[in-house]
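Please open the model in your viewer and have the selection tool ready. The stops below are meant to be taken in order.

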Amino acid sequence: MSIYQNITFYLLALLSLGYANSVVAQQETVDNMLQWEVGQQYGNWRHTGNAAGLLVDRPAHFSVLQAGYSSQAGDFRRPQEARKSTQADVGTLGNIYLGDLYIQGHFGYARQDRRDAEYNASLIDPFRGMPYMIADTNASHWANEHYHLGFELAFPLKDDRLQLGLAMEYRSSSGAKQRDVRALNRFYALEVSPGVLYRIAPKYRIGVHVSYRNHKEEATNRSVNNEIDQGYFSLYGLGHSIARLGYENLTTTRQTNYEADRIGVGLQYGFEGPWSVLLSGNYEVGAENVHVGFMDTRPEGTLLQDDWTVTLALRRSQEHWKHIIDAKGYWSNARGSEYINEFVPGLDSDGYMNRYSSVRSTYDKSSIGASYELIKMNGSQYSYRAKGRLAYGKTKDRYLIPSSTFAFEEMLYGASFEKAFSLSSATTSLFSIGVSVDYRQCLNANYDYGGALPNSLPVADMMAQETHYFASDFLTIGVPLVYSFELSTARETSLFIKAHGFYQRADQTFFDHRKGVQVSVGATF
């Protein structure tokens, strides 16, 4: 089945969910966007990755269709981040109960334009943790398209003590760099996660799920200007690079092939009492291989990575109040291996042969954080909500030979408040406005390069900008707005307009500020 057939199938499925949603009257139904936001945030099991737990949350019936536009610009950015970016997107999601079976699905499309992005010519997302990439010094325009679609289903067996679930998601992206060295990229990712949940006592549950993810990105680089060879760098991490000029000849292109597989397992323990308590832990391990060329491929690097995540979620619902407490710890360890290759000529040769490989770099990250949110309810939607959050993060990256390090520590502080107003006596028209304040404090940021090329651009410019960014303390102020009004009482349909603006200000002389806005319109039905 082609990707277009897949997209058509999922769109028809989601539209059917939305139609069925409107005709099922015995289940609670989402009436407006304010109610939907609380429902999406309050559930415990829906954030674990175990689809079998969705039956415990018992989500209300909903269908959401929205289209949006966002823009952000400013000098406060990492070097590979665009100075200015815009995005137009459309998305839909919905759910339905078919007897004991629960199904929810989603589909989305986004068109993204990124201008004046530096030091990236081989990855659609340069921040996904891949150190082996192609970089040039031409600030360029990237045009990207993103698709995502997926579903989750859950159903009980026998006496409802055992519940099974399955989640699947497919993502596809394409990207093109508009200036020499040009890039044409294609990316896809497929993830499958079956799960099981068992009620060991009326108030106690345990769950387990496994996951498998495969992704692949193909990058083709070429130059249009045949008069001047464009210089570029092969990056290997922490500023270590090899400077190159042009290609073997002007009629060839460079092709880089990224292939990755990840497997994971998650365990959950839940308790239902005055407080709903859920403790979960996830572990994932995977490898991503990088090859140059699609024919006679040359292995260039491998990134092995394992991730641990532990979360504690507490929920309490009273007559007019909801309490949400979340705590999370995350640890990631990655090891980058590099290869020494030899090309073996001859008719019987397989091309490049790997002569030696070793771990040359390590990447360690950890973070821990917690948040508390208090929601005052007014019927099915919130009257106001207030949230506080605190987090600590640490990164230590090392290039082993020649020795180089990049390390930083940070604290994050945040608070937000949103208030809803009824614009009509029948509460058919609602308006919400809020403010959020987040402050990032750098505790330590240091970059030490131990190689032989301290004046190369990846060291003196790219990594210098990166270090200045993470060494900055900065303040982010955001203003969210939501307007929702009932279109049809009989069909429980509401239209909404959402907007969110933010402004960032850094205390570094190297940067100025960054600002952005996001607007979306849509309907719940």
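The tour goes from model confidence to a helix and then to salt bridges.

**Before selecting anything.** This is a predicted model, in which local features need pLDDT of at least 70, side-chain atom pairs count only at pLDDT 80 or more, and totals for chains, interfaces and linings use all residues. Residues are numbered from 1 along each chain as its sequence is written, and side-chain values use heavy atoms, with hydrogens and water left out.

**Stop 1: confidence.** Colour by pLDDT, the predictor's confidence in each residue, from 0 to 100. The protein has a mean pLDDT of 90, with 92% of its residues at 70 or more. Now select residues 1-26, where pLDDT stays under 50. The model has 33 contacts (heavy atoms within 4.5 Å) beyond four places in sequence for these residues. Where pLDDT is low, the predicted coordinates should not be read in detail.

**Stop 2: helix H4.** Select residues 457-470, which form helix H4. Helices (H or I, at least four residues) and strands (E, at least two) are DSSP runs, numbered from the N terminus. The end C-alpha atoms of H4 are 19 Å apart, which agrees with the 20 Å that its 14 residues should span at 1.5 Å a residue; the expected span is 1.5 Å times one less than the number of residues. Centre the view on Met463 to find a kink of about 30 degrees, the bend being the angle between axes fitted to the seven residues ending there and the seven starting there.

Met463 is also one of the buried residues of H4, which include Met462, Tyr469 and Phe470. Buried means under 20% relative accessible area, exposed over 50%, and partly exposed in between (1.4 Å probe, protein chains only). Show strands E9 (231-237), E10 (240-245), E17 (404-422) and E18 (429-448), which are among what covers these buried residues.

**Stop 3: salt bridges.** The structure holds 28 salt bridges, each a side-chain nitrogen of Lys or Arg within 4 Å of a carboxyl oxygen of Asp or Glu.

- Select Arg83 and Asp75: their closest N and O atoms are 2.5 Å apart. Arg83 is partly exposed at 33% relative accessibility, and Asp75 is partly exposed at 35%.
- Select Asp326 and Arg315, which meet at 3.0 Å, N to O. The pair links strand E14 (residues 321-344) to strand E13 (residues 298-317). Asp326 is partly exposed at 27%, whereas Arg315 is buried at 3%.

**Last stop.** Select Glu37, Glu373, Arg385, Glu418 and Lys498, which are linked in a network of salt bridges.
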